[in-house]
Amino acid sequence: MRRRRRSEILVQANPNLAASLANDIKQTYTYKEIVAPRHGLTMVKMRESAQKSLFYIGEVLVTEAKVEIQGEIGIGIIQGMHDEVATQLAIIDAAYNAQLPETLSWTDTLEAAEAEINRKKIRQQAELMETKVNFETMDV
């Protein structure tokens, strides 16, 4: 599973999922904090639809952390001020980079969480579509 997909699942899923996976690693391995969780701003890119050109729409507050496990570095970045979650994401990333055996069993868990996220999105979209007005069928 690629880092981007994994990170999106961990950020959007139940916060206990990232904590649980990070705790699995913390119980067995020692990790070294390279960069303590810190807050910063990052630019947000958007693609303009007509000419397909990129531009920066603004800045967003993020929390970033870096850790090392068995010589491999992991990075955790999350929107907002969430120090613990950034560290948990960094630990999980480092575990994948170090190819620790625990990560092999995480794929099913992450895919199940992704399926639940998708079900929630579909439910929310269905609820939203119930309020949609079709102006073509309205009598004037």
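How are helix 1 and helix 3 oriented to each other, roughly parallel or roughly antiparallel? I looked this up at the start. Helix 1 and helix 3 come out roughly antiparallel. I use that term for angles over 145 degrees, with roughly parallel under 35, roughly perpendicular 65 to 115 and the rest oblique.

**Ground rules**

I am reading a predicted model, where local features need pLDDT of at least 70 and side-chain atom pairs count only at pLDDT 80 or more, while totals for chains, interfaces and linings use all residues. I number residues from 1 along each chain as its sequence is written, and side-chain values use heavy atoms, with hydrogens and water left out. Helices (H or I, at least four residues) and strands (E, at least two) are DSSP runs, numbered from the N terminus.

**Helix 1 against helix 3**

I took helix 1 as residues 3-12 and helix 3 as residues 83-97. Their packing angle is about 150°, and the axes lie 11 Å apart. The axes are lines fitted to C-alpha atoms, for helices over the stretch in contact, and angles run from 0 to 180 degrees between N-to-C directions. The crossing of helix 1 past helix 3 is right-handed. I call a crossing right-handed if the near helix is turned clockwise from the far one by less than a right angle, and left-handed if anticlockwise.

Next I listed the contact, meaning heavy atoms within 4.5 Å. Helix 1 supplies Arg 3, Arg 6, Leu 10 and Val 11. Helix 3 supplies Leu 89, Ile 92, Asp 93, Tyr 96 and Asn 97. By class I get five nonpolar, one polar and three charged residues. Nonpolar covers Ala, Val, Leu, Ile, Met, Phe, Trp, Tyr, Cys and Pro; charged covers Asp, Glu, Lys and Arg; the others, Gly among them, are polar.

**Helix 1 against helix 4**

I then turned to helix 4, residues 106-130. Helix 1 packs on helix 4 at about 60°, with 9 Å between the axes. This crossing is left-handed. From helix 1, I noted Arg 5, Arg 6, Ile 9, Leu 10 and Gln 12. From helix 4, I noted Leu 110, Glu 111, Ala 113, Glu 114, Ile 117 and Lys 121.

**Arg 6**

Buried means under 20% relative accessible area, exposed over 50%, and partly exposed in between, with a 1.4 Å probe and protein chains only. Leaving aside neighbours within four places in sequence, I see Arg 6 in contact with Met 1, Ile 92, Asp 93, Tyr 96 and Leu 110.

I count three strands in an open sheet, order 1-2-3, with antiparallel pairing. Strand 1 and strand 3 are at the edges with a single partner strand each, so one side of each has no neighbour in the sheet. On average, neighbouring strands are turned by 30° against each other, direction ignored. Helix 3 packs on this sheet and touches strand 1, strand 2 and strand 3. The direction of helix 3 makes about 145° with that of strand 3.

Two strands pair if DSSP finds at least two bridges between them. Strand 1 (residues 32-47) and strand 2 (residues 54-69) are joined by 13 bridges. I checked two partners: Met 43 bridges to Glu 59, and Val 44 stands opposite Gly 58. Six residues separate these strands in their hairpin, and Lys 52 in the turn has a positive phi of about 60°.

Strand 2 pairs with strand 3 (residues 72-79) over eight bridges, again antiparallel. Here Ile 69 faces Glu 72.

**Ala 90**

I went back to helix 3 for Ala 90. Ala 90 is buried, because its relative accessibility is 0%. Ala 90 and Ile 75 are 15 residues apart along the chain, yet their C-alpha atoms are separated by 4.3 Å. Not counting residues up to four places away in sequence, Ala 90 touches Ala 65, Lys 66, Val 67, Gly 74, Ile 75 and Gly 76.

**Positive phi in the loops**

Most residues other than glycine have a negative phi. I noted Gln 70, not a glycine, with a positive phi of about 50°. Gln 70 sits in the loop between strand 2 and strand 3 and is exposed at 54% relative accessible area. Gln 99, also not a glycine, has a positive phi of about 55°. I place Gln 99 in the loop between helix 3 and helix 4, exposed at 68%.
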